[in-house]
Amino acid sequence: MSKDILLDVKGLKIEGYSDEKWNPIIKGVDLQLRKGEVLGLIGESGAGKSTLGLAAMGFVRAGCRITAGSAMFDGLDLVTAPESQKRALWGTHLTYVAQSAAASFNPAHKLIDQTIGATVRDGIQPRADAERDAVKLYDSLMLPNPETIGDRYPHQVSGGQLQRVMTAMAMSSRPKLIVFDEPTTALDVTTQVEVLLAMRKAVREHGAAAIYITHDLAVVAQMANRIKVLRYGEEVEEAETREMLSNPQQDYTKSLWSVRALHKEPEQSEDIVLSVNNVDAAYGKVKVLHDVSIALPRGKTVAIVGESGSGKSTTARVMTGLLPPSKGSVTFNSETLPNALAGRTKDQLRRIQMIYQMADTAMNPRQTVGEIIGRPLEFYHGLRGRAQDDKVVELLHDIELSEEFIDRLPSELSGGQKQRICIARALAAEPEVIICDEVTSALDQIVQEGILKLLLKLQKEKGLSYFFITHDIAVVEAISDEIVVMNQGQVVEQGLKTQVLNPPFPDYTELLLSSVPEMDPDWLTDLAQKRGMAGAT
Amino acid sequence: MHPVLATILKRIGLGVLTLFVVSVIIFSAVNMLPGDFGEAVLGQAATEETVAAFRRELGLDQHPVMRYVQWVGGVLQGDLGTSFSGRAASGVDRSRAVVDLVLPRLNNTLFLAAMTAIIAVPLALFLGITAALWRNSFYDKSASALTLTTISFPEFFVAYILILLLGTLYPMFPSLATVQPDMGLGERIYTAVLPALTLTLVIVAHMMRMTRAAIINLLASDYIEMARLKGESPRQVILRHALPNAWAPIATVIAFNLAYLVVGVVVVEVVFVYPGVGQLMVDAVSSRDIPVVQACALFFAATYIILNLIADVIGIVTNPRLLHPR
Amino acid sequence: MSDTSKMQPDTYSAASEVGAVRTRRTWSQRAWITLKKAPFSAWLGMIIIAFYVFVALFAPLLAPYAEADSSFAAYAPWSSDHLLGTDQIGRDVFSRLIYGARNTMGIALITTILAFVIGGGFGLLAAITRNWVDQVISRFVDVLMAIPSLIFALMLLSIFGSNAISLIVIIAVLDSTRVFRLTRAVAINVVVMDYVEAARLRGEKLGWIMRREILPNIMPPLVAEFGLRFCFVFLTIAALSFLGVGIQPPTADWGSMVRENASLIQFAQFDLRAGITPLIPAAAIAIITVGVNFVVDWFLHHTSGLRDEH
């Protein structure tokens, strides 16, 4: 074995306890990391990547156990070493950056104390030196007011800043290995760019090795020298980053960017089915929409994109009548809809349906698929008994599911199946417009692809019009005809897809579009150079 | 104003408001008395004049708001009215001031509660925290089963088992805890051992379960896992990372159980014939001596409200979000 | 390098995602599987409850003498005629113990049901409306809960007098405050679910939403709470009866039986059986409460999904 191998994991198997038995999570994985190297661990939900990342530090969560294998770090087997020996490494030689910075900082202590806690404790640096060094780290991580930010408490700074402070905490002791566990997943894209740059710069400057865990291939491509793809606790393949992107060996790896392969040719239309006109809306006293006007052409898809807090979901609530606007109106088939839900007729309600982001919470867990789809059939069309059942089966075929699903409960369905049932429930009303609120963002790529294809097929067959709320530009590319960009409760731009996605851009659209990671290892570097940000190299 | 101070003042204001509403409810009790109440208290032989005089004395001919103001004014000056008992149809009044009845017993009840709390609170916290730390161990599981059993027992069951064992079969302590005003501290403690032990058993069971749940909840936080991943020793994880965030939940548990203790006192005092407020209240309820019932209810409710208030204030002053506002 | 793709040839395709079917069992099969996995304590609890219910239902057939028959000698010792002896006015303790199951549990059950009707109804209403109605009820409940319920009950009983009806109503109203809080809290969690919003968007009426969308989903915590509240109500009524202000004679009741026979305990040195006579009704109270608590504990553990997230 070569001298510069820092971490060598062999045949690692981990089990987790649930449903009264031990189930395998990691089924025998090898992992090697050289000094100063960044390895990306990528996989979808349930791949076991977080468990593997923690195990690389010799840490196992309560309810889990390592059943086989070894993890040699600097001559010590972390699998068999006693806790006391591992504690001497944790926080100093082996550090960790968690996904949820807000929950991972202790609310009772100042940031500076948490940043340098382990460094001072283990005598790596005296307190004064460690504090000075922390300020330098804060500065190089592009945190505002690096001199004083350490005197603040976790709840006093923003999520993106906390994530960078946590990186500083992981760097403070100059560790040999840092494990990043989905550190940017909870952030908006524009914040993500800054955090990614800061983290990459810090890791490269100090020559630390790192394991970077994520489900987003485009993100990991910016960070890692090598990428390992995991699925169901097993390795699918491993390769150098550029090699992996240009020449993936396994079909599964290709499926990780399957949505990016979808593309819809945009079509223009002047026949407007639904529109919001100069709408202002507020939650209590907080005004969240300012003079918003959006029009949806019949049989087409309008995608509303924006970051969290941009007002895209609020716009949907105004359309459905859940949140009556304080000014402006909603027009449907050239007639003005009553503002409030209670004022709308059954037929008006029927024609506008909604599909939610979390299919889990959008279906009553105590009702069967037959009841869920059957209710709108009975409610709007008076179908009962045999006729209702026949129609439910027909709808199940429409969404590419077999009729045996009819008496199944939501808990007996997979994520993609659940979202399909929600689509069927919307179809049962025979609507003209369907509002889709982030309907694919909780799903794995391959499942997203299936749902998007289904929606496109249904649009063609039934002439449906979609309002498609999303933050994911790849999804926009796949499904939309027109795009609306929203920021801070205002419409920045609306137009045909080809027109919005091509220059010239308004400033915010430019910022948003350029912040979306691309499948190009040089994307982040190029972007930083273009924007003139630190950490370009 | 500092937000901590503002929050505390707001909370105290709320406590005062609650006390006020509670006092109104307790006061209104007299108004809900059935019409023939005078006869019931004075006996069948009471003349119309004595009943009328009695009603006048209660102020039932005055406006309720006036009477409430007078009553509260009296309470604040230490005048809780006059007991119903001792009145007779003849019109001879041998009744006593409620204050004279309640005060000496108040001392006794607080003595018993304090004696129990001094043993029970540290014991329960120790057991609860250790059970949480050694979660799912044999110790934890047996403690859990044992406490679940104990909290299912009525207080008088525990009390009589103790009397049977330690009072009758192996007589070590007196089964009648009749403390006298002239007793010394040692003798007082000795006399009150069995009631205090009964209360301790009941309180410790409740409190240990709640402490354990609170600590486990705390230890499940992400920042505790982070502390472990930073290589902190188990001792440091508890002392430095868990404890500063534990004051509020622990204070709540203690206050809740002390409040429970004050109420549990009622049954235990009756079992052991301990001359406290609880026993006085039960006697007064049986004889429908309303002024005494009101005084006792006011005492118990005020204790309860104040204990919860203290717990909330501790929660406020240890909350970093309030201590260090944005 | 693994050849996962060969072992699971179709796992990456949409077709399999669509076709993946999980095993499905009927309700009774699932219930039986759950029951079989129940721990010993839960089984013990269920057996205890079943036994008590049996005794309560068939009390007149099981008891050797009538409930209030005082035609025997007072304080008779245990014998074959009087299994547990007689009490201070010559009633058969064993018979009263059996009737007590019916009276004490019956009153506690009625009280608990009433508390749930009141507290559950208002709780649901408050959770769905979330407006001034909710504010008014919630503040009112806060005040009621600021007075310890045993103390409040004692005060009200001194005013309205001790009889079964006022006992049931008073305890039920006081206890409904806790039911209200729980129902409101769990219902609010359900009300914010997208499927409730979907039903509102469909144009469903409030009653339908309450009945079909919300109620089925708050049942598990409410069922568990019913068990806990029953224990609490049962203990409160027993305590009040023991204090002499609860269920009144000649109705047989375990709390008052303890009180009536308490003096026998002094004779334990001379006749242990006489000494433990007052403890038997107390133990009867304790055992059923333990039984219910064991079942509820398991039920809570089972339904709250205290499992690892894998």
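A crossing of two helices is called left-handed if the near helix is turned anticlockwise from the far one by less than a right angle, and right-handed if it is turned clockwise. With that convention, H11(C) passes H12(C) in a right-handed crossing.

Before I continue, a word on the source. This is a predicted model, in which local features need pLDDT of at least 70 and side-chain atom pairs count only at pLDDT 80 or more, while totals for chains, interfaces and linings use all residues. Residues are numbered from 1 along each chain as its sequence is written, chains are lettered from A and ligands numbered from 1 in the order in which they are written, and side-chain values use heavy atoms, with hydrogens and water left out.

Let me stay with chain C. Chain C has 14 helices and zero strands, where helices (H or I, at least four residues) and strands (E, at least two) are DSSP runs numbered from the N terminus. Of its 310 residues, 50% are buried; buried means under 20% relative accessible area, exposed over 50%, and partly exposed in between, with a 1.4 Å probe and protein chains only. Among contacts (heavy atoms within 4.5 Å) in chain C between residues at least 6 apart in sequence, 70% join residues at least 24 apart.

I return to the helix pair. Two packed helices are described by the angle between their axes and the distance between the axes. Here, the axes of H11 (residues 206-242) and H12 (residues 254-261) of chain C come within 7 Å and cross at roughly 35°. These axes are lines fitted to C-alpha atoms, for helices over the stretch in contact, and angles run from 0 to 180 degrees between N-to-C directions. The contact involves Phe234(C), Ala238(C), Ser241(C) and Phe242(C) of H11(C), and Trp254(C), Gly255(C), Ser256(C), Val258(C) and Arg259(C) of H12(C). These contact residues comprise five nonpolar, three polar and one charged. In this scheme Ala, Val, Leu, Ile, Met, Phe, Trp, Tyr, Cys and Pro are nonpolar, Asp, Glu, Lys and Arg are charged, and the others, Gly among them, are polar.

Phe234(C) and Trp254(C) also belong to one aromatic cluster, together with Phe51(C), Tyr52(C) and Phe230(C). Rings of Phe, Tyr and Trp (its six-membered ring) pair if their centres lie within 6.5 Å; planes under 30 degrees apart count as stacked, over 60 as edge-to-face and the rest as tilted.

Elsewhere in chain C, Asp134(C) lies in helix H7 (residues 132-145). Is Asp134(C) buried or exposed? Asp134(C) is buried, at a relative accessible area of 2%. Not counting residues up to four places away in sequence, Asp134(C) touches Ala126(C), Thr129(C) and Arg184(C).

By the ring rule, there are 20 aromatic pairs over all chains. In one of them, the ring centres of Phe20(B) and Tyr68(B) are 6.0 Å apart and the planes stand at 80°, so the pair is edge-to-face. Phe20(B) lies in helix H1 (residues 3-28) and Tyr68(B) in helix H4 (residues 64-76) of chain B, so the pair ties together parts 48 residues apart in sequence. Phe20(B) is partly exposed at 44% relative accessible area, whereas Tyr68(B) is buried at 14%.

Finally, chain A. Lys346(A) lies over the face of Phe379(A), 4.3 Å from the ring centre. A charge sits over a ring if NZ of Lys or CZ of Arg is within 6 Å of the ring centre and within 35 degrees of the ring normal. Gln448(A), in helix H18 (residues 445-462) of chain A, is buried at 5% relative accessibility.
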